[in-house]
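Colleague: I would like a close look at one part of this model, the place where the two chains meet. Please take me through it in detail, with enough background to set it in context.

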Number of protein chains: 2
Amino acid sequence: MARRYDPGRRQRIIDAAAAVVRARGIAGLSHRAVAAEADVPLGSTTYHFATLDDLLVAVLRQINAEWLADVERWAEGVDPETEPADELARWLGELLTGERARLELEYELYFAALRHEAARPLAAECLDEMGRILTRIVPDAATARAVVALIDGLTLQALLTDRPYDPEGARTALARIIGGSGHSGA
Amino acid sequence: MARRYDPGRRQRIIDAAAAVVRARGIAGLSHRAVAAEADVPLGSTTYHFATLDDLLVAVLRQINAEWLADVERWAEGVDPETEPADELARWLGELLTGERARLELEYELYFAALRHEAARPLAAECLDEMGRILTRIVPDAATARAVVALIDGLTLQALLTDRPYDPEGARTALARIIGGSGHSGA
DNA sequence: CAACGATGCGTACGAGCGTACACAACTCGC
DNA sequence: GCGAGTTGTGTACGCTCGTACGCATCGTTG
């Protein structure tokens, strides 16, 4: 039977599940697919995560945490001297060109929340946390919420259509929402 | 065997499929579920739609068309004297309180486009058409695109979290994006 | 009214799925 | 070093699914 001593297998299963979701979407998440990806027997995934929902929540939690950590890291590197709209528009551009897969993963979470009661709090936490981080960059909390909404909408447009991202249009819209000294473009 | 003469069955199958998607989401769409909902035998659904993807596309096309017709109807009833931001914010509020199910259905389409190549053009068409309609209400096309993004983001926030819709916040953000004579609130 | 294509019906097959469960192999406290 | 609890393994059951296919029945065209 060749049983393997494998501490941290639980984490490896989560990582494998994330890979499965990335490749096939949440609809493609299954005990068997994860077991194959993690190179562990089927029984092992069902041992660590009794039900598929448990596994789903664990994966979404991890994806969410990684994403928020990324956002946090980005926010720390923002130059307080430049216009927030410029920084945001540039950041969006980088994400959409270089990390499409990561973004798709995060939006997979959003949509899971639409149907899965269990994922609802995670999506809410993500939105709140994004707002909290942005509050350090834009004037106030209400503005931050609006910026989150606009960013989500713009990202969705770029992800759903294969149209190229329009940095100038994004910058203008962000500047208008943020207000302040933003030179609001044509 | 009691065969029934049933012209327009194809349409009834599409309607049933829409009901299934509304109730269980795209993940719950299956030939069998649709057949049961439409009260036709299994073979009938596979005759009219050889593959499940065909059925999915037909449903999404219909959902999309109905949605856009609704938007069109709303746009025609907009009073050109009042502020666009006010009208938009009020409309959003009505949708979110009274027609949550319809909205969820439309966003289900968005979600499908993320993974299903076949649904991509439909999502793109929806975004374009929304922009086209809004161009009659806001100053220019670029602004219309930004408004669509903001609306999508706000809707997503309201649908994903169970937080109540904030009409005043929405109105303020919309007014800023639209610009013009919008009294941009506090 | 005959023949033919379009449409409707029932069933069957093979695959993938979640889950349960019995048993094996290990770690760790004593 | 030994017993108990934890972790790993293999397999099996029952279900749903997409799809294919043979046959029945209808409208239509000639």
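Modeller: What follows goes from the chain to the interface, and then to single residues and pairs.

Bear in mind that this is a predicted model. Start with the fold of chain A. Chain A has nine helices and zero strands. Along the sequence, the pattern reads α-α-α-α-α-α-α-α-α. The C-alpha atoms of chain A fill a box of roughly 70 × 30 × 30 Å along the principal axes. Of the 186 residues in chain A, 53% are buried. Take the contacts in chain A between residues at least 6 apart in sequence: 66% of them join residues at least 24 apart.

An unreviewed entry gives "domain: HTH tetR-type" for residues 7–67 of chain A. That span is 77% helix and 0% strand, and its end C-alpha atoms lie 26 Å apart. The unreviewed entry also places a "DNA-binding region" at residues 30–49 of chain A. Here the chain is 75% helix and 0% strand, with end C-alpha atoms 12 Å apart.

Side chains of opposite charge can pair when their charged atoms come close. Four salt bridges link chain B and chain A. One salt bridge joins the side chains of Asp128(A) and Arg163(B), at 2.7 Å from N to O. Another salt bridge pairs Arg115(A) with Glu108(B), and their closest N and O atoms are 2.8 Å apart. This pair crosses between chains, from helix H6 (residues 100–115) of chain A to helix H6 of chain B. Are its two partners buried or exposed? Arg115(A) is partly exposed, at 29% relative accessibility. Glu108(B) has a relative accessible area of 3%, so it counts as buried.

Over all chains, the count comes to 22 salt bridges. Some lie within one chain. In chain A, the side chains of Glu129(A) and Arg132(A) meet at 2.8 Å, N to O, in a salt bridge. These two are about one helical turn apart, because they sit three residues apart in helix H7 (residues 120–135) of chain A. Glu129(A) is partly exposed, with a relative accessible area of 22%. Arg132(A) is partly exposed as well, at 46%.

Chain B has a pair in helix H6. The side chains of Glu104(B) and Arg100(B) form a salt bridge at 3.8 Å, N to O. Four residues separate them in helix H6 of chain B, so the spacing is about one helical turn. Glu104(B) is buried, with a relative accessible area of 18%. Arg100(B) is partly exposed at 29% relative accessibility. Back in chain A, salt bridges with shared partners join Asp70(A), Arg73(A) and Arg102(A) into one network.

Two single residues round out the picture. Thr155(A) is in helix H8 (residues 141–160) of chain A. Thr155(A) counts as buried because its relative accessibility is 1%, under the 20% limit. Leaving aside residues up to four places away in sequence, Thr155(A) touches Leu92(A), Leu96(A), Leu103(A) and Tyr107(A). Tyr5(B) lies in the segment before H1 of chain B. Tyr5(B) is exposed, with a relative accessible area of 75%. Tyr5(B) and Arg176(B) are 171 residues apart in sequence, and their C-alpha atoms are 57 Å apart in space.

Conventions. Residues numbered from 1 in each chain as written. Chains lettered and ligands numbered in written order. Predicted model: local features only at pLDDT ≥ 70, side-chain atom pairs only at ≥ 80, totals over all residues. Heavy atoms only, no water. Buried < 20%, exposed > 50% of the residue type's maximum accessible area, 1.4 Å probe, protein only. Contact = heavy atoms within 4.5 Å. UniProt positions renumbered as here; feature names shortened; annotations may be inferred.
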